[in-house]
Amino acid sequence: MEKKKEYYTSGEFAKMAHVTIRTIRYYDKQNILKPSYVNANGSRFYTDSDFAKLQQILLLKYLGFSLDDIKEMTIEEPGSVYLCNTLRMQKKLVLDRIEQMHLVADAIDTTVAQLESGDSTDWSQMLNLIHLTGMEKSLKSQYLNANNISARIRLHSAYSRNPQGWFPWLLKESMTAASLPEQAQILELGCGNGALWSENTDLLSGYPDIHITLSDISEGIIRDLSRSFFDPYNRFSFVTFDCHSIPYPDASFDLVYANHVLFYCQDIPAVLREVRRVLKPGGLFCCSTYGSRHMREITELVQGFDYRIVLSNEVLYDNFGLENGEAALRQVFTQIKLCRYDDEIIIGQAEPLIEYILSCHGNQNQYLLDRYHDFREYVTARVHPAMHITKDAGIFLCTP
């Protein structure tokens with residue numbers, strides 16, 4: 001059987017990528033990069049989509065990741081949306097590596113200067129910095145977390161019925177309720193990619209003198225934000241800490257946000273007490289969460305494909321949800337108002353939905369990555385012509 005025009009032989013494919021055929025065969029054997037087509041004679045053929053996948057593999061390998069890590073960080077048949085998002089995440093990894101190498105270079109210069117001057121040399125500091133080049137596990141976690149957060153936000157922003165959007169709605173409701181002074185101090189716990197603020201630049205233009213502290217437990221997230229976030233008024237600062245222990249004095253903030261954060265906390269009462277402590281008299285705490293009906297159609301979808309799939313290792317709304325959140329808040333706050341967000345997702349494309357599913361915190365990758373093609377066909381059939389997905393989310397507005 002002759003080679004089809006849109007396919008490359010193993011030799012052509014390897015030559016295009018400047019790797020050996022042996023490397024291509026090894027990736028095939030390790031189930032990291034399978035050919036798109038195998039003819040009756042066993043000849044393997046590859047496509048441009050496979051070439052894009054190989055680009056991911058080679059860059060991640062260059063950055064120091066193991067093949068096991070790479071298999072988890074890539075998928076069988078990446079689409080254009082997934083590839084664009086992945087490339088953005090890869091750029092962040094490259095920038096992280098550059099920062100690490102600058103630190104090592106500075107340490108070398110310092111050590112050389114100490115040796116030349118006859119001063120005592122701090123070899124332990126030098127060794128600690130060199131070990132930064134082996135931080136694959138940390139970088140992998142940051143890469144996956146950032147990619148997952150972006151995937152979930154993109155599904156909601158692109159396919160939600162409510163034209164206002166979650167972040168503009170949340171900020172408008174909370175700002176109106178807070179009655180902020182001109183030089184208000186605001187704190188966000190677990191800020192993620194900063195979308196609450198980057199998607200509200202028009203609304204924020206009316207508050208030129210406020211100061212906003214964005215915090216997260218992840219150093220990688222805060223580093224990315226501080227590197228990319230631009231505000232002409234210089235109203236933002238970026239801090240890494242665990243919200244169980246907020247490193248600010250009593251009565252420091254007029255408004256505190258916890259957007260989809262509390263249900264991840266190990267000790268929710270402790271976090272609430274910390275929030276109450278740093279709130280000024282008359283200040284406002286705005287926390288958001290989900291209800292039991294949220295995105296239930298996606299769970300039904302994946303379990304229809306494989307009943308073993310669980311999209312979350314824990315039921316988050318059981319920890320802190322719309323149904324039980326007020327009871328927890330009543331232990332610390334006296335006035336509590338629940339505002340529900342009216343919305344749903346309407347989607348007719350498989351790719352963004354699959355990207356969202358792969359971003360979840362459950363066991364789905366265990367059952368889907370090796371069957372990606374079958375799963376994509378399954379989802380494509382079920383979202384045509386359109387799939388409606390329930391959104392059950394809201395905010396609690398709390399005052400002491």
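Me: Between which two elements does the loop holding M295 lie?

Reply: The model is predicted: local features need pLDDT of at least 70, side-chain atom pairs count only at pLDDT 80 or more, and totals for chains, interfaces and linings use all residues. Numbering starts from 1 along each chain as its sequence is written, and side-chain values use heavy atoms, leaving out hydrogens and water. Helices (H or I, at least four residues) and strands (E, at least two) are DSSP runs, numbered from the N terminus. The M295 loop lies between strand 8 (279–290) and helix 13 (296–305).

Me: Is M295 buried or exposed?

Reply: M295 is not a glycine, yet has a positive phi of about 60°. Buried means under 20% relative accessible area, exposed over 50%, partly exposed in between (1.4 Å probe, protein chains only). At a relative accessible area of 5%, M295 is therefore buried.

Me: Is S179 buried or exposed?

Reply: S179 also has a positive phi, about 50°, and is not a glycine. S179 sits in the loop between helix 8 (166–178) and strand 4 (185–189). Its relative accessibility is 59%, so S179 counts as exposed.

Me: What is omega for the peptide bond from H384 to P385?

Reply: P385 lies in the loop between helix 18 (372–383) and strand 11 (387–390). The bond from H384 to P385 is cis, with omega near -5°.

Me: Which orientation class describes helix 16 and helix 18?

Reply: Axes are lines fitted to C-alpha atoms, for helices over the stretch in contact, with angles from 0 to 180 degrees between N-to-C directions. The axes of helix 16 (residues 350–358) and helix 18 come within 9 Å and cross at roughly 125°. Angles under 35 degrees count as roughly parallel, over 145 as roughly antiparallel, 65 to 115 as roughly perpendicular, and the rest as oblique. Helix 16 and helix 18 are therefore oblique.

Me: Which residues of helix 18 meet helix 16?

Reply: Contact means heavy atoms within 4.5 Å. Helix 16 supplies A350, E351, L353, I354, I357 and L358; their partners in helix 18 are Y372, F375, R376, V379, T380 and V383.

Me: How far apart in helix 11 are R227 and D224?

Reply: Their side chains meet in a salt bridge (2.7 Å, N to O). R227 is partly exposed at 30%, whereas D224 is buried at 13%. In helix 11 (residues 219–228), R227 and D224 are separated by about one helical turn, being apart by 3 residues.

Notes
Salt bridge = Lys/Arg side-chain N within 4 Å of Asp/Glu carboxyl O.
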